[in-house]
Amino acid sequence: MSAIFNFQSLLTVILLLICTCAYIRSLTPSILDKNKTGLLGIFWKCARIGERKSPYVAVCCVVMAFSILFLQ
């Protein structure tokens, strides 16, 4: 089943995208900062969410990991 049609998989993909973009921006900010608009601006926005809401994103990652490991 595709990740689009399974809600838990969709949330997992979104959390991984946010965490990956925030990590890439912490290593090399110039890659994401030059593309703030357009289609590639999605990655910049995900990086901003990961930076500003990092405690909430971390809690969501822990909850998602717990649900994948123990509830499935």
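Analyst: What follows is an account of helix 1 and the two helices that it meets.

The model is predicted, so local features need pLDDT of at least 70 and side-chain atom pairs count only at pLDDT 80 or more, while totals for chains, interfaces and linings use all residues. Residues are numbered from 1 along each chain as its sequence is written, and side-chain values use heavy atoms, with hydrogens and water left out.

The setting comes first. The protein has four helices and zero strands (DSSP runs numbered from the N terminus: H or I of at least four residues for helices, E of at least two for strands). Its pattern along the sequence is α-α-α-α. The C-alpha atoms occupy a box of roughly 40 × 25 × 15 Å along the principal axes. Of the 72 residues, 21% are buried (under 20% relative accessible area; exposed means over 50%, and partly exposed lies in between, with a 1.4 Å probe and protein chains only). Among contacts (heavy atoms within 4.5 Å) with a separation of 6 or more, 57% join residues 24 or more positions apart.

Helix 1 spans residues 7–27, and its partner helix 4 spans residues 54–70. The two pack at an angle of about 140 degrees, and their axes are 11 Å apart (axes are lines fitted to C-alpha atoms, for helices over the stretch in contact, and angles run from 0 to 180 degrees between N-to-C directions). Helix 1 and helix 4 are therefore oblique to each other (angles under 35 degrees count as roughly parallel, over 145 as roughly antiparallel, 65 to 115 as roughly perpendicular and the rest as oblique). On the helix 1 side, the residues that meet helix 4 are Gln 8, Leu 11, Thr 12, Leu 15, Ile 18 and Cys 19; on the helix 4 side they are Val 57, Cys 60, Cys 61, Met 64, Ser 67 and Ile 68. This contact comprises nine nonpolar, three polar and no charged residues (nonpolar: Ala, Val, Leu, Ile, Met, Phe, Trp, Tyr, Cys and Pro; charged: Asp, Glu, Lys and Arg; polar: the others, Gly among them).

Apart from neighbours within four places in sequence, Ile 68 is in contact with Gln 8 and Thr 12. Ile 68 and Thr 12 are 56 residues apart along the chain, yet 9.4 Å separates their C-alpha atoms. With a relative accessible area of 36%, Ile 68 is partly exposed.

Helix 3, residues 41–52, meets helix 1 in another arrangement: the axes come within 7 Å and cross at roughly 90 degrees. Helix 1 and helix 3 are therefore roughly perpendicular. Helix 1 contributes Leu 17, Ile 18, Cys 21, Ala 22 and Arg 25 to this contact, and helix 3 contributes residues including Phe 43, Trp 44, Cys 46 and Glu 51. The residues of this contact divide into nine nonpolar, one polar and three charged.

Leu 17 is partly exposed at 30%, and beyond its neighbours up to four places away it touches Phe 43 and Cys 46. Arg 25 counts as buried at 16% relative accessibility. The side chain of Arg 25 makes a polar contact with the side chain of Glu 51 at 2.7 Å (N or O atoms within 3.5 Å; within protein, one able to donate a hydrogen and the other to accept it, and residues adjacent in sequence count only if both atoms are side-chain atoms).
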